[in-house]
There are 4 protein chains.
Amino acid sequence: MAYHRFEPQVYHTTIGTHEPVLEIESGDRVSTTTVDARGQDSNGDQVTERGNPQTGPFAINGAEPGDTLAVVLEELRPNRSWGWTGTSLAANVLDPEYEASFEDDFEGSAKWMVDAEAGTAQLSKPEASPLCGIALPLAPMVGCFGVAPPRGQAISTSTSSTHGGNMDYRGFVAGVKVYFPVFVPGALFFIGDGHALQGDGEIVGTGIEISFDVTFTVELIKGAGEIGWPRAESDEYIMAVGNARPLDQCVQHATTEMVKWLQSGYGLDARTAHLLLGQSVEYDVGNMYDPAYTMVCKVRKSLLARFK
Amino acid sequence: MAYHRFEPQVYHTTIGTHEPVLEIESGDRVSTTTVDARGQDSNGDQVTERGNPQTGPFAINGAEPGDTLAVVLEELRPNRSWGWTGTSLAANVLDPEYEASFEDDFEGSAKWMVDAEAGTAQLSKPEASPLCGIALPLAPMVGCFGVAPPRGQAISTSTSSTHGGNMDYRGFVAGVKVYFPVFVPGALFFIGDGHALQGDGEIVGTGIEISFDVTFTVELIKGAGEIGWPRAESDEYIMAVGNARPLDQCVQHATTEMVKWLQSGYGLDARTAHLLLGQSVEYDVGNMYDPAYTMVCKVRKSLLARFK
Amino acid sequence: MAYHRFEPQVYHTTIGTHEPVLEIESGDRVSTTTVDARGQDSNGDQVTERGNPQTGPFAINGAEPGDTLAVVLEELRPNRSWGWTGTSLAANVLDPEYEASFEDDFEGSAKWMVDAEAGTAQLSKPEASPLCGIALPLAPMVGCFGVAPPRGQAISTSTSSTHGGNMDYRGFVAGVKVYFPVFVPGALFFIGDGHALQGDGEIVGTGIEISFDVTFTVELIKGAGEIGWPRAESDEYIMAVGNARPLDQCVQHATTEMVKWLQSGYGLDARTAHLLLGQSVEYDVGNMYDPAYTMVCKVRKSLLARFK
Amino acid sequence: MAYHRFEPQVYHTTIGTHEPVLEIESGDRVSTTTVDARGQDSNGDQVTERGNPQTGPFAINGAEPGDTLAVVLEELRPNRSWGWTGTSLAANVLDPEYEASFEDDFEGSAKWMVDAEAGTAQLSKPEASPLCGIALPLAPMVGCFGVAPPRGQAISTSTSSTHGGNMDYRGFVAGVKVYFPVFVPGALFFIGDGHALQGDGEIVGTGIEISFDVTFTVELIKGAGEIGWPRAESDEYIMAVGNARPLDQCVQHATTEMVKWLQSGYGLDARTAHLLLGQSVEYDVGNMYDPAYTMVCKVRKSLLARFK
């Protein structure tokens with residue numbers, strides 16, 4: 001149960017079987033940093049290329065394909081005073097016939113002042129925007145993280161699949177425990193793309209993109225049976241994630257994974273799992289901007305108290 | 001501002017230009033009842049055919065195509081002590097390859113005891129279910145309601161479109177004000193398909209299906225400019241609804257409608273509307289069982305306080 | 001086996017249980033006319049409202065829900081010398097980010113000269129178009145036809161479903177026999193929206209829209225077992241149609257209907273049907289412009305010669 | 001313009017920036033072999049792992065990102081006397097509620113005798129199948145081929161994207177010239193997964209899977225302007241390919257790419273391109289089994305004779 005403070009020297013814009021930057025044991029805790037989606041660090045210096053560069057990979061000793069890697073997100077803290085966002089809604093979340101009539105000719109990214117103490121973000125550029133002066137509450141979350149995928153693939157950090165990746169889900173906040181299927185020896189965990197705040201769907205193509213101080217603990221789960229998709233657990237909910245297109249297919253993956261979890265993890269028979277989900281399931285929207293979208297299927301833990 | 005107590009004698013399983021059962025004025029309030037999705041009333045008697053039979057239509061004097069009809073859902077109260085639900089998840093929300101292995105051979109509907117006083121629902125059949133004894137909190141909502149569609153269409157109450165219909169959205173609860181585009185003279189408002197409780201998506205094909213006592217007030221809005229899709233307002237949120245398939249297209253309709261609302265209703269320019277939605281939008285899932293699915297795009301009213 | 005020459009006086013822009021314009025017997029043959037999608041007849045006079053107005057409905061005596069109505073399209077002949085088309089690709093078949101940069105400021109519809117003798121169509125307006133002078137071969141087809149849907153619905157002629165409707169499939173040409181499920185007494189057959197020619201998908205929102213002389217024969221099939229979707233037969237192919245969104249769902253409906261047809265109509269066991277389709281199925285694209293899209297699943301009749 | 005006879009020693013199940021097996025020049029011709037989807041060679045020996053193993057990559061000297069690589073498929077010839085196929089339709093092309101009732105309990109793959117001289121394939125196993133004895137005409141095509149993708153990705157040969165990959169399109173036959181965007185120095189061309197025959201969509205998950213003798217010629221096109229998706233040309237058609245999900249998105253990519261091609265390659269203005277496609281476009285279905293589906297947008301070259 002060692003504690004590692006790790007300073008990244010290299011970043012990756014694919015999640016794949018890359019050289020580990022650190023080998024750790026199940027139970028270990030790691031504090032490190034992530035750069036923003038454009039490769040800018042806590043000083044605003046561009047230290048690597050754009051495209052959700054990832055810190056890592058961290059190899060977990062003893063992890064083998066078929067195991068599950070649990071990662072507790074202990075701290076996700078913006079470590080500078082500003083972030084940036086896109087300024088136009090993505091065409092894919094608007095009617096095909098819709099055309100925006102912008103009165104301005106603003107180009108480039110919007111800028112937001114981030115006050116981690118006060119826990120707020122405020123738009124600062126475009127300067128004349130009527131939004132300037134409205135303080136949005138911070139809700140730091142990690143946009144892109146996961147483990148090396150199977151078959152020797154190296155998957156772009158702009159998308160997501162069974163290994164995790166660019167899911168941009170607002171529920172991936174500090175305190176949440178996330179489970180990934182292990183596909184390669186060492187699991188190879190990557191993390192990056194912090195958002196100080198984000199609307200559902202990341203529909204302007206970004207949250208408030210910012211560099212993070214990150215602390216996480218890993219736990220290797222042997223022999224609990226394979227999982228098919230990322231899962232997560234907060235104080236209130238268990239969650240199953242589906243990454244695909246269209247959203248309907250995300251729903252199919254996430255719901256099927258949740259049914260399996262209720263059966264194998266909580267001992268429910270299939271009928272009970274179906275009945276319970278029917279009247280209590282909740283769905284959240286993750287990314288709706290990338291090649292693969294994300295939906296999350298949730299069940300309140302209070303409903304499961306009597307099981308397991 | 002008359003008050004009408006109306007006892008339905010006839011029900012409809014399409015929403016169309018049918019003979020009005022009552023003519024009312026803008027500002028009027030109506031108390032009536034709805035039968036459950038199978039046409040069973042407060043006594044459990046089947047008084048009409050199955051398929052989300054609707055009470056109405058109520059004609060609003062003076063309503064013309066291009067107007068907007070606002071309906072405040074004042075009371076939505078289960079008026080009997082039991083409801084029923086489906087027992088298996090719909091195939092369309094599960095992976096195509098998934099096959100449930102039910103240990104039981106239970107057939108027919110599940111039965112739930114509904115205690116409106118205590119505000120709970122409990123499964124009572126299948127009797128041996130491990131769910132029996134877990135009290136779920138009631139959250140009464142209306143599954144299917146809307147106005148006569150354009151072009152002389154009569155649209156099945158199993159689906160939804162610009163006129164509303166079978167949207168099965170958990171947010172349509174008492175206290176919410178819903179706006180519909182008016183397509184025909186008198187608007188012709190229909191309401192039915194009450195649920196004591198429902199999971200997101202209505203993924204077993206039903207909520208807890210039950211008969212309701214319903215009270216609503218109508219308000220005719222002339223000349224405010226056409227709306228394209230149902231909209232709604234609660235204390236906390238404004239909401240725009242999209243009904244289509246796949247979910248991605250629902251998102252497109254709902255988001256576009258919300259952008260228009262922010263611009264024409266709150267005076268935001270397009271850029272400000274996009275920026276605001278990007279970092280604060282929320283999406284809820286409505287029906288994912290019917291021919292047309294439903295997604296809802298929401299914005300917190302607190303963020304709009306300074307506008308308009 | 002009577003022959004009827006019918007002159008329409010009334011048209012419908014929904015397909016529903018409307019008053020029959022003619023009652024006919026199984027085996028009867030009808031010659032009539034259809035107006036173009038804007039309600040213009042053979043003289044170019046606008047005789048009814050826009051929106052794929054339908055001739056009919058024709059009631060077939062003895063038809064009952066559960067029967068099948070076969071309609072042989074004997075003649076589909078443009079009966080005037082010009083048609084019109086849209087001029088821009090529909091936004092829904094182009095990338096969301098795509099924006100056309102038209103050099104012209106042409107508005108309104110394009111006009112095409114149709115020479116039924118020569119069997120060609122030529123663009124005549126916009127006059128300066130480089131396409132003027134290229135003779136495209138005529139391929140007359142019917143865009144929208146079908147029978148009254150179930151449950152008292154009246155479905156807009158802008159869309160399609162199990163009852164047929166606006167399928168815009170290039171394969172619906174003279175010589176083809178089309179099968180519809182019967183949902184209401186008399187079946188109630190409608191026909192309209194002739195195209196002198198059309199690209200796959202009707203992706204500018206129109207084919208070459210034109211009025212038609214139409215001759216068809218009806219055959220009522222009792223007790224052959226219910227069909228779920230429109231089917232068709234040409235000299236070369238049997239075809240099953242799926243109407244929905246997205247295209248993936250059309251494929252699901254059409255393929256499932258074809259499997260059922262191979263089993264119940266040709267006596268194949270399920271394995272043989274799957275194996276045969278796997279290496280010989282063909283798919284065609286119908287409408288990709290309307291609320292519901294269309295895909296057609298085809299099998300060559302030569303492959304089925306030894307069965308039945 | 002050298003001619004290379006190449007014997008593969010190594011195969012890849014991702015398409016990525018792997019070590020070239022041969023460096024060739026623009027204009028060179030290569031004869032080689034491919035193994036079947038399970039890694040079986042012309043002798044039926046399993047020489048590498050399953051999963052559409054690719055021969056290559058072949059590096060084209062001088063190829064740089066932004067160039068286009070043309071590959072003429074000169075010969076695609078099954079080099080053994082049998083192939084295999086799946087035996088059940090994929091769940092994703094059937095209605096979610098559909099369940100096959102197989103009378104047999106056949107497991108494993110079906111086997112087909114392939115007679116390259118006679119140009120036919122016949123089912124030989126399951127032995128009792130009514131299909132045995134029906135000779136299907138061979139139509140050899142390549143299922144999976146393409147070039148190294150951008151951003152250091154290594155993309156599984158079970159899927160497809162802008163770089164090509166597992167497109168399973170029946171139109172990729174001998175005589176066709178295919179164009180790929182070049183993303184990495186040397187382009188890195190891979191080829192594999194030959195099918196003696198295949199139905200549209202590869203809806204049993206396979207064509208008739210077989211090893212091939214392959215001959216192709218490469219041509220490097222410098223400075224013609226970037227292409228966004230694979231394109232192809234036969235004697236009759238020009239074709240643009242879209243790979244994504246759902247099919248609707250494939251259509252969007254393929255149609256947009258075709259519009260661009262007509263404009264930049266044939267000098268059509270946008271209006272003319274739209275008008276031409278509207279009345280003459282054809283769409284073919286490629287793979288409908290993989291994570292990404294494939295649609296092809298085609299235009300007859302005869303219609304383009306007067307342009308360019």
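**Figure 1. A:L188, in the loop between β15 (177-181) and β16 (189-195) of chain A.** Strands here are DSSP runs of E of at least two residues, helices are runs of H or I of at least four, and both are numbered from the N terminus. A:L188 is buried, as 27 other C-beta atoms lie within 10 Å. (Buried means 20 or more other C-beta atoms within 10 Å of the residue's own, exposed 12 or fewer, and partly exposed in between, with C-beta atoms placed from the backbone.) Residues are numbered from 1 along each chain as its sequence is written, while chains are lettered from A and ligands numbered from 1 in the order in which they are written. Because this is a predicted model, local features need pLDDT of at least 70 and side-chain atom pairs count only at pLDDT 80 or more, whereas totals for chains, interfaces and linings use all residues.

**Figure 2. B:D168 and its positive phi.** Have a look at the backbone here: phi of B:D168 is about 45 degrees, although the residue is not a glycine. B:D168 sits in the loop between β15 (164-166) and β16 (177-181) of chain B. With 30 C-beta neighbours inside 10 Å, B:D168 counts as buried.

**Figure 3. Two cis peptide bonds, one ending at A:P246 and one at C:P57.** In chain A, the bond from A:R245 to A:P246 is cis, and its omega is near -5 degrees. A:P246 belongs to the loop between β20 (237-244) and α1 of chain A. In chain C, the bond from C:G56 to C:P57 is cis, with omega near 10 degrees. C:P57 is part of a strand, β5 (residues 54-60) of chain C.

**Figure 4. Helices α1 and α2 of chain A where they cross.** The axes of α1 (residues 247-266) and α2 (residues 270-280) of chain A come within 9 Å and cross at roughly 125 degrees. That makes α1(A) oblique to α2(A). (Axes are lines fitted to C-alpha atoms, for helices over the stretch in contact, with angles from 0 to 180 degrees between N-to-C directions; under 35 degrees is roughly parallel, over 145 roughly antiparallel, 65 to 115 roughly perpendicular and the rest oblique.) The crossing of α1(A) and α2(A) is right-handed, meaning that the near helix is turned clockwise from the far one by less than a right angle. On the α1(A) side you will find A:M258, A:V259, A:L262 and A:Q263, which meet A:A270, A:A273, A:L276 and A:L277 of α2(A). Residues are in contact if their C-beta atoms, placed from the backbone, lie within 7 Å. The residues of this contact between α1(A) and α2(A) divide into seven nonpolar, one polar and no charged. (Ala, Val, Leu, Ile, Met, Phe, Trp, Tyr, Cys and Pro count as nonpolar, Asp, Glu, Lys and Arg as charged, and the others, Gly among them, as polar.)

**Figure 5. The contact between chains A and B.** Chain A and chain B give 56 residues each to this contact. On the chain A side, the elements that supply two or more residues are α1, α2 and β21 (282-285). Of these, α2(A) gives the most, with ten residues. The chain A side divides into 30 nonpolar, 18 polar and eight charged residues. A rotation of 180 degrees, with 0.0 Å of shift along its axis, superposes chain A on chain B with an RMSD of 0.0 Å. (Copies are superposed by least squares on the C-alpha atoms of residues with pLDDT of at least 70 in both.) In chain A, the C-alpha nearest the axis belongs to A:L247, 2.9 Å from it. The same surface serves both copies, as 100% of the contact residues of chain A recur in chain B.

**Figure 6. The contact between chains C and B.** Here 13 residues come from chain C and twelve from chain B. The side of chain C that touches chain B divides into three nonpolar, eight polar and two charged residues. Chain C can be laid on chain B with an RMSD of 0.0 Å by a turn of 180 degrees and a shift of 0.0 Å along the axis. That is the relation of a two-fold axis. Of the residues of chain C, C:A154 comes closest to this axis, its C-alpha lying at 2.3 Å. The same surface serves both copies, with 92% of the contact residues of chain C recurring in chain B.

Figure 7. With 18 C-beta neighbours inside 10 Å, C:A91 counts as partly exposed. C:A91 and C:Y289 are 198 residues apart in sequence, yet their C-alpha atoms are 9.0 Å apart in space. Leaving aside residues up to four places away in sequence, C:A91 touches A:P96 and A:E97.

Terms used. Two residues are in contact if their C-beta atoms, placed from the backbone, lie within 7 Å.
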